[in-house]
Amino acid sequence: MSQTIPEGAYNEFVEALGEDNFSTDPGILETYTYMNGLGQGGLGIQWVHRPVGVALPGSVEEVQAIMKICAKYKLRFKAHSTAWWVQALATKTNCVILDMRRMNNLEINTRDSFAITESYVTAGETQVETMKHGLNPHLVGAGPNASNLASGTSMQGTGGSSIRTSMQERNVLGVEWVTPKGEVLKLGSLNSPNAGWFCGDGPGPSLRGMMRGASGNMGDNGVFTKVALKLYPWHGEPYECDGTPPFFDSNERPNSYLRYVVWDNYDNEADALLRLGEAEIIDYNNRWAAGAFTSAMSITNEEYLEMVEKGEFKEKFGDGYWTFFINAASERALDYKIKAFKKIVSETGGVIYDTTVFGKRSHEIAMQNAVRAVWIGKAAYMPTSANTGTVPFSYETIDQGYKHALPISLDVKEEYASQDKILNEGRDNCYVCIDEDGHYMHIEHACLVEMWEPKAEPTGACIKGAARAIEKGVGFFYCSLPGSPKDLIIYTQYSSQIQKLLNP
Ligand SMILES: Cc1cc2nc3c(=O)[nH]c(=O)nc-3n(C[C@H](O)[C@H](O)[C@H](O)COP(=O)(O)OP(=O)(O)OC[C@H]3O[C@@H](n4cnc5c(N)ncnc54)[C@H](O)[C@@H]3O)c2cc1C
């Protein structure tokens, strides 16, 4: 659906930002109307509108000006960072997009281990800069190209390194936030004179939950202009690679250990994860299945099909396999960690594979995933053009994920794949990682879809999975386990009250 912007609003935007930084050109607007990002398979085509204008703010004052003009002319707004996620586009009519690419400053506090980042600094850039100081940021599974401000303030926030570098929501320290009324709100220590950015809470009750909730507000509560995020130790020289894309050649890493592991049943797999978390020895953990691995291993769709036909990944990895990475502080620490790792894997019936099991490519996929979270984007979009998932997507205990959520999504996926509504790339294509050495995990069941295929129908799989989860009392879409559907609605009611408070 297409609308136009009131003339008065257009003039005020141009006055506030300059002609180069505000556009209503149909050609420009069209490029902000489609994306091949996550969720497009499930939501994009139905939900995305053409924006009425695109603004490129360069400072917090310019963001305030945009919010005030939007409020005055009753225009909606949506900020985006790098726009890897479909909700970064106009999911409603009369919407101005704030493309935050001019706000790309990064400041690193090496003494207290945090980085103050603006919207358009990518996780990868942050990592390159912080590794020079023996520090490492959290990278969500979206990869190094995504914005860490976005995952901290507005999105869900897990990734394979969450086992060591936590959920992004828990890394958030001071926050600078422009509300829909154009006021600047400061959260945490930033709100106390001269205290700086070091703490996300206080004085008084924490507002971080209100800012983002469990899985982020996705751009409706205003615009975040700066956030401080915790950094973690990185042992050894910075990660480097040479060679040619997509596989590159990673440098040798001292005091590190990288392996694939396969368990032949879900119960043993869940038990092993509980014990590996308790042992506090792993720095990166990520479960994929043969489907995602094939997408990463192949360069063209022809090659993908050849690999599927050969079937060797499925044969070796069965229903799913794990990548584990250890980045130890010393040789002695590495030695201890490897011993503990091997003991747990062998006692739970797992098989350890060298990452070169399928040659150099398979090693590079493991290495770059473990350090840079690089390969998930490729796995998500080959060989079809869009990615979605069968619900439940859960953020729950390991037992809940494996024993309750996974069986629901497996059945729904099989039903939809058997009718060619989504791609059948093997029964299990489940993505999992555990957090903070604990008993919590993020589990989602990716599936691939080609939206232009006449039978494609990914949204149904989401709805059906959600309905079955409600029926069985299983949490879904990252919401905690509700007592009943009636209880689940309480979260939504609170979110909408907060929304009304911030944006009347
Ligand atoms: C292949 C793939 C895999 C993914 N895997 C994961 C994963 O494992 N874990 C995970 O947590 N996420 C994942 N995501 C989701 C999401 O893309 C990430 O959370 C990512 O970090 C968001 O960064 P971005 O730069 O793409 O944000 P954008 O797509 O630009 O924005 C994301 C949301 O935040 C809002 N937003 C962005 N910047 C601002 C701002 N300055 N002020 C207010 N609102 C803002 C947007 O409106 C939008 O709703 C994945 C995405 C893809 C494409």
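1. Lys74, which comes just after helix H4, takes a positive phi of about 55°. Helices (H or I, at least four residues) and strands (E, at least two) are DSSP runs, numbered from the N terminus. This is a predicted model, in which local features need pLDDT of at least 70 and side-chain atom pairs count only at pLDDT 80 or more, while totals for chains, interfaces and linings use all residues. Residues are numbered from 1 along each chain as its sequence is written.

2. H4 itself covers residues 60-72. Its 13 residues should span 18 Å at 1.5 Å a residue, and the end C-alpha atoms are 18 Å apart, which agrees. The expected span is 1.5 Å times one less than the number of residues. The buried residues of H4 are Glu62, Val63, Gln64, Ala65, Ile66, Met67, Ile69 and Cys70. A residue is buried if 20 or more other C-beta atoms lie within 10 Å of its own, exposed if 12 or fewer, and partly exposed in between, with C-beta atoms placed from the backbone.

3. Strand S3 (76-80) is an edge strand, as is S1 (22-23); each pairs on one side only. They belong to an open sheet of four strands, in the order S1-S2-S4-S3 and with mixed pairing. Two strands pair if DSSP finds at least two bridges between them. S3 and S4 (residues 95-99) run parallel and are joined by five bridges. Opposite Phe77 stands Val96 in S4.

4. Helix H15 takes in residues 360-372. H15 is mostly covered, with 10 of its 13 residues buried. Among them are Glu364 and Arg372, as well as Ile365, Met367 and Val371. The cover over these buried residues includes helices H5 (123-131) and H11 (290-297), and strands S13 (249-250), S14 (256-262), S15 (284-288) and S16 (321-327). Ala373 follows H15 and has a positive phi, near 55°.

5. The chain is divided into domain 1 (7-102), domain 2 (106-233), domain 3 (253-383) and domain 4 (385-504); the bounds come from an automatic or database domain assignment. The C-alpha centres of domain 2 and domain 3 lie 28 Å apart.

6. Between these two, 12 residues of domain 2 are in contact with 11 residues of domain 3, contact being C-beta atoms, placed from the backbone, within 7 Å. On the domain 2 side, H5 and helix H7 (162-165) each give two or more residues.
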